[in-house]
Amino acid sequence: MCTHTPKCPSADSPDREAAHAVASHPEQGWSLLCNGVLIFDDTGELLPDGRVVAPHRHLTVVA
């Protein structure tokens, strides 16, 4: 799917979120990356094979 040089990380790569966005819908909270990953504003992901990656945002504790 990726035609960039150098190629974007694959959907199975740990750095898959570094791929280029090919479609973005901020009003709906998601973007499609060129490696086929759907990434959501809450940091969750839907991989091309249907697997789900739970949100993994860092929590900030305010004292």
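D49 is exposed, with a relative accessible area of 51% (exposed means over 50%, buried under 20%, and partly exposed in between, for a 1.4 Å probe and protein chains only). Its side chain meets that of R51 in a salt bridge, 2.7 Å from N to O; the term stands for a side-chain nitrogen of Lys or Arg within 4 Å of a carboxyl oxygen of Asp or Glu. Through shared partners, salt bridges join D12, D49 and R51 into one network.

The model is predicted, so local features need pLDDT of at least 70 and side-chain atom pairs count only at pLDDT 80 or more, while totals for chains, interfaces and linings use all residues. Residues are numbered from 1 along each chain as its sequence is written, and side-chain values use heavy atoms, with hydrogens and water left out.

The whole structure holds three salt bridges. In one of them, R51 meets D12 at 2.8 Å, N to O. R51 lies in the loop between β4 and β5 and D12 in the segment before β1, so this pair ties together parts that are 39 residues apart in sequence. R51 is partly exposed at 42%, and D12 is exposed at 60%.

A further salt bridge links E45 and R16 at 2.6 Å, N to O. Because E45 lies in strand β4 and R16 in the segment before β1, the pair connects parts 29 residues apart in sequence. Both ends are buried: E45 has a relative accessibility of 3%, and R16 has 16%.

The strands named here belong to an open sheet of five, in the order β1-β2-β3-β4-β5, with antiparallel pairing. β1 (21-25) and β5 (52-53) stand at the edges with a single partner strand each, so one side of each lacks a neighbour in the sheet. Strands are DSSP runs of E with at least two residues, numbered from the N terminus, and two strands pair if DSSP finds at least two bridges between them. β3 (residues 38-40) and β4 (residues 45-46) pair over two bridges, and L38 has L46 as its bridge partner in β4.

S24 lies in strand β1 and is partly exposed at 46%. The side chains of S24 and S31 form a polar contact of 3.3 Å.

The structure holds zero disulfides, a disulfide being a pair of cysteine sulfur atoms within 2.5 Å. The sulfur of C34 is 3.4 Å from its closest cysteine sulfur, in C8, which is too far for a bond. Both cysteines are buried, C8 at 13% and C34 at 3%.

Methods: Helix = DSSP H or I, 4+ residues; strand = E, 2+ residues; numbered from the N terminus. Polar contact = N/O pair within 3.5 Å; in protein donor to acceptor, adjacent residues only side chain to side chain.
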